[in-house]
Amino acid sequence: MAEADARLLAPFTTWPDGPAGVAASQFQVAGMHCAACSGIIEAALLKLPGVEGASVNPASARLALRWWPSRTALADVLTALQSAGYKATPDVAAPARELRRVERRQALWRLFVAGFLMMQVMMLATPAYVAEAGELSPDLDRLLRWGSWVLTLPVMAFAAGPFFSGAWRQLRAGRLGMDVPVAVGIAVTFAASTGALFDPTGPLGGDVYFDSLTMFIALLLLARWFELGARHRAADALEAVAGALPATAERLRDDGTSERVAPEALRAGDRIRVAAGEAFAADGRVLAGQGWVNEALLTGESAPVAKAAGDAVVAGSLNLDGPLVVDVQRVGADTTAQGIVRLMQQAQSQRPLASGIVDRVAAGFTAAVLLLALAAGVGWWWIEPARAVAVAVAVLIVTCPCALTLAAPAAWLTASGALARRGLLLTDLSALERLCAVDTVVFDKTGTLSEERLQLRRHWAQGADADALLAVARSLAALSRHPHARALAEGAEAGCWTDVREVAGRGIQARDATGTPWRLGAPAWVSDRPDPAARLAFGCGACVLWLDLAEAPRADAAEAVAALRLQGRRVRLLSGDQPAAVAQMAARLDIAHWRAGATPASKLAAVRGWQAEGERVLMVGDGINDAPVLAAADVRIAMGQGAMLARSAADALLVSNRLLALPQALALATKTRRVLRQNLAWAALYNAACVPLALAGWLPPLAAGIGMAASSLFVVLNAQRLNR
Amino acid sequence: MDILYLLIPFSVVLVLLIVAVFGWAVNDGQLDGFENEAERILLDEDQAA
């Protein structure tokens with residue numbers, strides 16, 4: 001593959017198996033109206049050589065394509081989609097946004113045409129309903145009907161266009177989607193009403209249904225408008241993350257001058273200065289300066305985070321005050337923000353397994369409905385020919401399976417969006433289903449319940465001023481990059497040390513202004529008689545400062561554990577650390593079940609053991625050294641930031657590092673299941689109640705249209721409740 | 001009541017005109033955002049999206 005192609009594909013493509021392997025590209029599709037469309041698109045793409053897999057999520061209108069760019073050109077892919085009747089653009093922000101804008105305008109325009117004309121047709125139809133016999137002269141009646149007909153024409157020709165084109169596509173592809181019964185229904189109603197208008201004594205009867213027809217179309221378009229809004233909101237949220245990079249960055253040259261360059265021109269190792277109010281152009285580490293940074297875009301946490309020298313910053317977050325000099329570590333596609341965008345795209349373009357079952361059920365259901373309507377029409381033709389058309393149309397309209405096909409995707413998409421705002425990214429939508437069953441939450445300690453950095457817990461010295469010594473120790477620690485030294489320094493200024501030497505595995509050694517050699521490091525290295533309680537020591541000769549560093553639990557760890565227990569879930573702590581440290585952490589967080597000193601193998605055995613006892617285990621780990629245990633758990637959540645994100649095999653990533661998101665996610669999963677069941681129950685109940693009524697001829701097409709559109713609205717709006 | 005024979009066709013034509021005006025507004029981007037039109041006066045000519 002030529003390098004130019006690779007660059008062209010790069011913004012929306014990843015190569016999971018390396019640059020020569022199969023490519024995974026993301027597209028945004030326009031023109032999709034229902035679940036059946038995704039099957040058509042997938043079938044059309046799989047016919048191309050070099051396409052390994054295609055999966056379209058009907059709720060978000062995203063296409064994930066696994067293909068070999070060496071065997072098929074991008075243009076061929078787009079042409080194949082075009083000839084199937086859909087338009088796709090690569091999912092890079094600008095064209096995708098334009099596509100959405102056109103789609104939204106188009107939908108609003110259609111909705112207005114249908115809605116406004118519906119009201120006018122109602123007005124013209126009202127006299128016929130309210131007039132006493134003989135009050136309305138036949139001439140006037142015909143004029144009103146003609147007026148209704150003229151006003152219905154734009155609705156049929158323009159506003160209802162998507163139903164007809166959708167039905168045509170579905171028929172051509174040999175699949176039955178929900179557009180088919182809708183299109184047949186409105187076409188039959190319009191034909192029958194037009195026939196009645198031109199020839200009131202003809203075989204089609206004398207009744208016109210223009211009011212029912214326009215109302216049905218308007219309500220259906222309204223339901224779709226809401227669905228479109230939900231989809232666009234999800235896409236907008238994604239784009240907010242992707243589009244947060246600044247247009248330029250200020251790169252510092254070695255001679256102290258600076259230049260403004262595009263973020264793409266930055267390389268790892270560059271130094272950039274970020275002024276107050278500016279966004280970070282790349283992931284990196286603060287070299288100088290301190291200030292507050294807003295990382296809400298990535299973590300959902302709106303409170304600013306303090307940053308000082310040595311802290312990591314992520315691209316896309318906003319520097320609120322004070323200029324910071326940043327050492328660039330990751331740029332472009334490797335940054336945390338881009339990793340998140342890819343994961344969100346992946347999750348949104350994935351189609352949950354259960355949704356395939358719903359699609360198949362809906363297709364069978366549609367076929368049954370078409371037969372039923374035909375049978376009803378023929379049956380009523382024998383009983384009462386004048387009502388045959390009305391009954392068949394009512395059956396067609398009332399049973400339209402939109403609610404059935406919308407139920408699951410609407411709920412899943414809304415729930416995953418709500419979770420993403422809380423900083424928990426789902427990489428696998430089916431995890432929502434599995435989360436409901438979880439009764440045991442197993443935490444790893446380091447990096448999960450505790451922050452990775454250490455905190456100075458205690459310092460003491462024999463026969464010396466411990467605090468004064470600590471200040472000196474900090475000024476030396478500032479010179480080292482070792483995690484222990486960084487925890488100790490906590491942003492202190494480096495002192496005036498000479499002859500600085502770092503000894504691997506031991507510590508750091510330097511001379512102060514008077515030439516005295518000091519050591520900071522392992523107690524046994526600093527002193528001949530190490531204090532067993534100390535983790536670090538600082539001193540020269542007999543004057544020694546002992547330091548104890550401990551892991552600090554995350555700020556919300558205790559609260560999250562309490563919330564999980566309140567939900568009736570068992571909380572366990574499983575750590576490879578020393579028993580003393582684990583016991584201390586467990587005591588601080590009030591966790592009764594803990595196990596220390598576990599190796600990866602024994603962790604795995606422990607999780608398997610709990611599962612064998614019937615527990616459903618949610619494992620929360622840092623995703624890197626826990627990989628085997630994570631794989632064994634029923635649901636896996638990894639704490640994640642940085643380049644590790646994309647490689648992790650977890651079902652969800654806790655990007656915000658806020659543990660409180662876990663009890664929230666579990667509660668939301670339960671709520672999602674409830675909403676899903678309500679939706680399916682509603683769709684089933686509605687059909688069971690209305691089909692017999694329609695068959696019996698007690699349900700006029702108008703009432704059928706209201707019922708059907710209301711059931712779709714109910715499903716979409718019910719799913720929106722998950723947003724709160 | 002004879003006036004109805006004139007008013008009804010007239011109202012139908014009027015309705016279609018209103019629909020056309022709304023279509024122009026939608027496709028001109030005036031309904032893309034609630035603040036767009038209000039803020040347009042604050043933007044330079046070449047900034048107007």
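Two residues are in contact if their C-beta atoms, placed from the backbone, lie within 7 Å. Leaving aside neighbours within four places in sequence, A411(A) is in contact with T672(A), V675(A), L676(A), N679(A), A719(A) and L722(A).

The structure is a predicted model, in which local features need pLDDT of at least 70, side-chain atom pairs count only at pLDDT 80 or more, and totals for chains, interfaces and linings use all residues. Residues are numbered from 1 along each chain as its sequence is written, while chains are lettered from A and ligands numbered from 1 in the order in which they are written.

**Confidence and chain B**

The predictor gives the complex an ipTM of 0.86 and a pTM of 0.62. pLDDT is the predictor's confidence in each residue, from 0 to 100. For chain B the mean pLDDT is 80, and 80% of the residues reach 70 or more. Where pLDDT is low, the predicted coordinates should not be read in detail.

Helices (H or I, at least four residues) and strands (E, at least two) are DSSP runs, numbered from the N terminus. Chain B has two helices and zero strands. A residue is buried if 20 or more other C-beta atoms lie within 10 Å of its own, exposed if 12 or fewer, and partly exposed in between, with C-beta atoms placed from the backbone. Chain B has 49 residues, of which 4% count as buried.

**Where the chains meet**

Chain A gives 16 residues to the contact and chain B gives twelve residues. On the side of chain A, α4 (93–130) and α5 (138–159) each supply at least two residues. The largest share, nine residues, comes from α4(A). Ala, Val, Leu, Ile, Met, Phe, Trp, Tyr, Cys and Pro count as nonpolar, Asp, Glu, Lys and Arg as charged, and the others, Gly among them, as polar. By these classes, the side of chain A that touches chain B has twelve nonpolar, two polar and two charged residues.

**Cores and a buried helix**

A nonpolar core is a set of buried Ala, Val, Leu, Ile, Met, Phe, Trp, Tyr and Cys residues joined through C-beta atoms within 7 Å. The largest one has 160 residues, and those with the most contacts inside it are I41(A), A114(A), I217(A), A392(A), A394(A), V395(A) and A411(A). Helix α23 (residues 661–696) of chain A provides the largest share of this core, 13 residues. Another core, of 24 residues, lies apart from it, and includes L456(A), V526(A), A534(A) and A537(A).

Helix α12 (residues 385–398) of chain A has 14 residues. From first C-alpha to last, α12(A) reaches 21 Å, close to the 20 Å expected at 1.5 Å a residue; the expected span is 1.5 Å times one less than the number of residues. Eleven of the 14 residues of α12(A) are buried, so this helix is largely enclosed by the rest of the structure. Among the buried residues are A392(A), A394(A) and V395(A).

**Sheets of chain A**

Two strands pair if DSSP finds at least two bridges between them. An open sheet of six strands has the order β7-β6-β8-β14-β9-β12 (chain A), with antiparallel pairing. β7 (258–261) and β12 (312–313) of chain A stand at the edges with a single partner strand each, so one side of each is left without a neighbour in the sheet. A second open sheet, of three strands, is ordered β11-β10-β13 (chain A) and is also antiparallel. Here β11 (305–307) and β13 (318–319) of chain A are the edge strands, each pairing on one side only.

| Strand | Partner | Bridges |
|---|---|---|
| β6(A), residues 249–252 | β7(A) | four bridges |
| β10(A), residues 291–294 | β13(A) | two bridges |
| β18(A), residues 498–503 | β19(A) | four bridges |
| β19(A) | β20(A), residues 517–521 | five bridges |

Particular residues face each other in these pairs. The bridge partner of A249(A) is V261(A) in β7(A), and that of V293(A) is N319(A) in β13(A). T498(A) stands opposite R511(A) in β19(A), and A510(A) stands opposite W518(A) in β20(A).

Four of the five residues of β19 (residues 507–511) of chain A are buried, so this strand is largely enclosed by the rest of the structure. The hairpin of β19(A) and β20(A) has five residues between the strands, and G515(A) takes a positive phi near 90° there.

**A buried loop residue**

A281(A) lies in the loop between β8 (271–274) and β9 (283–288) of chain A. This residue counts as buried because 29 C-beta neighbours lie inside 10 Å. A281(A) and V331(A) are 50 residues apart along the chain, and their C-alpha atoms are separated by 7.8 Å.
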